[in-house]
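The sequence and the structure are shown first.

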Amino acid sequence: MHSPSPISLEVYALQYNQPAGPLWMKKTSAGTAWKYGTYFFAKSINMSVILRPSRISLGIGDIAVDDLSFNVGRCPIMKGEPCDFEAADICGFKLESPDGVSWKRVQGRSLKGNQTGPRVDKSYGTTEGHFMIVRPTTGARIAGDNKAYIIMPNVPSTGIYRSCVRFWYQMNGQNVIALNMFMRPSGGELPQFSLWSHGSKHGDSTWRVGQRTIDAPYTHEILFEAMLERGDKGFIAIDDIVVKQGACPNPGSCDFEEDLCTWQNPETGVEVEWIRNSGPTPTNDTGPDVDHTLGTETGSYIYLQAENPVKKHKMTGILNQNFSAFLRNDVFHSGHT
């Protein structure tokens, strides 16, 4: 997917000549590199699958698809790809609910009436996509600091390398206290101090990114702890948890060789988007021939198409990141054996 204006690829299921969906959607330009996408059908039904491109305005750009496959069972996860919670087995993660509040796997379309929470997931960007959510309850065990855990088990040793844990989250509401991240040896005790913590409530529906570099020369677990007061106002949601080899980039730092790191194009309010690209840009006499990082045509950079060649008027694009989400982003070392 490569276009200076907002563009999307959508997946629908066609049953009885009626399209259902979009079930899966990617809204932003992915640049010229191939990207991996999956969708898990929870039920086996007779249907046709439709891949449909969509764009807001006319202009240059393209969408390419290759290597389609249909598999029995859960979609395979490529190394370094996030857990998107689309399958009911939630990637083999474990849930613990010691205080009467619990994480649940839901879809945006399941929200009823005035119920708060994300309207779309991070992975698909649609109401059909799944994510994990926890809400405060009036039946919680204690008045404050009720905890619920999502646990990523059996994470391999980082070896001589460090690893970067990255995830996307939303949190809001009067009875929400904090979202914390811990690491412990498999089956070990919960540490006294978290590796990452965020306690601010957000007044919008934007998915925010959190990350932490870890150094663990042993098999370990990553735990996400929700802390909630007794009550009925608020939620914490999390999606697209991934562990990648190598240290996390410093907040705001990115060479754009793999992705946008912790930056993102807004989902609404812009006419053009920042695009990852390698080599010359599609339009004549614009953009660099090589990137700055590698100094070659294979290196990646981002660019903004400042003028629409069809409309012939200037437009604005925004690339944003919330720096308040990065707390205690230094590397965590552990010498446990």
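The sections below describe a surface patch and several salt bridges.

## Basis of the report

The structure is a predicted model. The values given here were computed from that model, and residues are numbered from 1 along the chain as its sequence is written.

## Salt bridges: Arg52 and Glu10

The structure contains five salt bridges. In one of these, the side chain of Arg52 meets that of Glu10, with an N to O distance of 3.2 Å. This pair links distant parts of the chain, since Arg52 belongs to strand E3 and Glu10 to strand E1 (residues 7-15), and the two are 42 residues apart.

The two partners fall into separate accessibility classes. Arg52 has 42% relative accessibility and therefore counts as partly exposed. Glu10 has a relative accessible area of 6%, so it is buried; buried means under 20%.

Which residue does the side chain of Lys94 meet in a salt bridge? The partner is Glu221, at 3.3 Å from N to O. Glu221 lies in strand E12 (residues 220-228) and Lys94 in strand E4, so this pair ties together parts of the chain that are 127 residues apart in sequence. Glu221 is buried because its relative accessible area is 4%, whereas Lys94, at 36% relative accessibility, counts as partly exposed.

The side chain of Glu221 also meets that of Arg184 in a salt bridge, at 2.7 Å from N to O. Arg184 lies in strand E9 (residues 176-185) and Glu221 in strand E12, so the pair ties together parts that are 37 residues apart in sequence. Arg184 is buried, as its relative accessible area is 10%. Through salt bridges that share partners, Lys94, Arg184 and Glu221 are joined into one network.

## Summary

How values were computed:
This is a predicted model: local features need pLDDT of at least 70, side-chain atom pairs count only at pLDDT 80 or more; totals for chains, interfaces and linings use all residues. Side-chain values use heavy atoms; hydrogens and water are left out. A salt bridge is a side-chain nitrogen of Lys or Arg within 4 Å of a carboxyl oxygen of Asp or Glu. Helices (H or I, at least four residues) and strands (E, at least two) are DSSP runs, numbered from the N terminus. Buried means under 20% relative accessible area, exposed over 50%, partly exposed in between (1.4 Å probe, protein chains only).
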